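Subject: Handing over the structure

Hi,

Here is the structure I promised to pass on to you. Please have a look at it first, and then read on for what turned up.

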Amino acid sequence: MIWKIVLFLLIAFVSIAGITFPIVAKPEHWYEFPLIMGLGENAKIIFFHVPTAWLTVIAFLMSTVYSIKYLRNKDLVDDIKAHSAAQLGMVFCILATITGAVWAKFAWGSYWSWDPRQTSIFALLLIYGALFALRSAVEVEEKRAALSAVYSIIAFVTVPFFIFIMPRIMRGLHPGSADDTNAGTVVNFKMNGNMQLIFFLSLIGFTILYYWMWYVGYKSMLYKEKLNKQYH
Amino acid sequence: MSSYALFKKDLASELRTRYAINSLVMFIVVTISVILFSIGNEKISDFLSGGLFWVVIFFSAMSGLSRAFVSEEERGTTLTLQLIASPTTIFSGKLLFNLILVFAMNIVIALLYSALFEAFVIKNLSLFLYAFILGNIGIAIASTLIASIIAKASSKGTLYPVLSFPILLPLMLTLIDLTKQAMDTTTFSSSYVELAILGCYDVVMIAVSFMLFDFIWKD
Amino acid sequence: MLEEFLSKNAIYIVMIIVLIVWAGVFGFLFALNNRIKHIEKEIEGDKGK
């Protein structure tokens, strides 16, 4: 109970601070963000865009871990857990794509420009879509669980290429690309202390939110399956 | 039963019906002619012709390679195969057959394509050959594994490209990039990373395939 | 007074909308969680009998 209140306050605080704290050239007070060249006011979306992209990867990782567990133990509960994680991953993947496209419109001038990271999120979207297409094509429960587990593991071994290698060796617009002269990763690029603090609070808050949503989704699917078996 | 025997069996049944070969040849002709029609008298850039080359290969692979395991399911010979051979043997037999098919198909495509498209000129032939060989191996492995998944699902035809595309995407992107480099320069030095990625992809894919095929095959 | 303040600082309107959306999502999730717990009790209770 207590952590739900904490979560509510945490994300409420991140929204308030992230949206309303002013961006000034030389921050003097604790509530002022530094001006990042070329971004200006629209730098604030980083508090919402990066967590969604982060959760897409986390959900995918979780889905794969439970898929491996399913293949080891053949326990259908693990399949439900993996499926629930994949569903949430799809939702956050769509959110990350949309927020990224909106940000790109105002920062780079067009909604979509096939930046390596945009390509990789597109590939993740395709992978999630293929996973659901595969699930709907198989009717026998055990077979569906085994096939989708295998597919998500195959997809997972190709994903590191998208997420970690390609954005760094190819030229792109995101920070951290091969031609980025600022030479920083996404996190520490020109943020000051309070901005980083709110950024990490946002990451933590959204991760807890993800876990809660995953738990509710998994429990509801589990009981649906149980009731189905009871009455048929 | 060895994997070579399985390969010979597949080859014999293929040569008897010529189903995959005929449909592949027709598919290559259709795809290339559609591209030629749509270009018309326009001049296309070198890079675009390099990209379209891999588009032709991708769609031809999608039409021809899905047969590997579906044919066994259709004839009802899956159980017999399960009885007489181990999963590893079966997978390597099918992989061998698909490898031959992919190489034959892509060599035909490459010859046809370079004859028909004036813009498609490779300056660095050996770089292109390395990329071509590694890419073909990757396509064969990934498509064989996806074909085995497809054979167990109910909607076999439509699902194959849907499942294959995300898995083949890193391979395709690297290959298109390498083809562009082979058309641009004659040096190797800038292409080692991409070649390494292709090699890694092949090794990772073959390891994952042999690990996971057991779970697909035994249900 | 308030309207004048809001028309000058439109970002606060964005903040209010985001907070309302977040409260809605949170409330929905909370209600869903309670419902699931209820069903859980019912199903597990049946096993006990």
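Two residues are in contact here if their C-beta atoms, placed from the backbone, lie within 7 Å. Please keep in mind that this is a predicted model.

Just after helix 4 of chain B comes Gly76(B), with a positive phi of about 75°.

Stepping back to chain B as a whole, you will find nine helices and zero strands, so that the pattern along the sequence reads α-α-α-α-α-α-α-α-α. The radius of gyration of chain B is 18 Å, close to the 17 Å that the globule rule gives for 219 residues, so chain B is as compact as a globular protein of that length. The C-alpha trace of chain B spans about 55 × 35 × 30 Å along its principal axes. Among the 219 residues of chain B, 41% count as buried. If you take the contacts in chain B with a separation of 6 or more, 86% of them join residues 24 or more positions apart.

Now to how the chains meet. Two pairs of chains are in contact, and chains A and B share the most contacts. Chain A brings 24 residues to its contact with chain B, and chain B brings 22 residues. On the side of chain A that touches chain B, helix 4 (116-137) and helix 5 (141-169) of chain A each supply at least two residues. The largest share of that side, 14 residues, comes from helix 5 of chain A. By residue type, the side of chain A that touches chain B divides into 21 nonpolar, one polar and two charged.

The contact between chains A and C takes 16 residues from chain C and 15 residues from chain A. On the side of chain C that touches chain A, 14 residues are nonpolar, one is polar and one is charged. How far apart are the closest C-alpha atoms of chain B and chain C? They lie 31 Å apart, and no contact joins these two chains.

Lys74(A) is not a glycine, yet has a positive phi of about 55°. Lys74(A) lies in the loop between helix 2 (46-73) and helix 3 (76-107) of chain A. Trp114(A) is exposed, with 10 other C-beta atoms within 10 Å.

Finally, a word on confidence in chain A. Its mean pLDDT is 83, and 84% of its residues reach 70 or more. Over residues 181-188 of chain A, however, the pLDDT is below 50, and this stretch has eight contacts in the model beyond near neighbours in sequence.

Happy to talk it over whenever you like.

Best wishes

Note on methods
Residues numbered from 1 in each chain as written. Chains lettered and ligands numbered in written order. Predicted model: local features only at pLDDT ≥ 70, side-chain atom pairs only at ≥ 80, totals over all residues. Helix = DSSP H or I, 4+ residues; strand = E, 2+ residues; numbered from the N terminus. Nonpolar A, V, L, I, M, F, W, Y, C, P; charged D, E, K, R; others polar. Rg over C-alpha atoms; globule rule 2.2 N^0.38 Å. Buried ≥ 20, exposed ≤ 12 C-beta atoms within 10 Å, placed from the backbone. pLDDT = per-residue confidence, 0-100.
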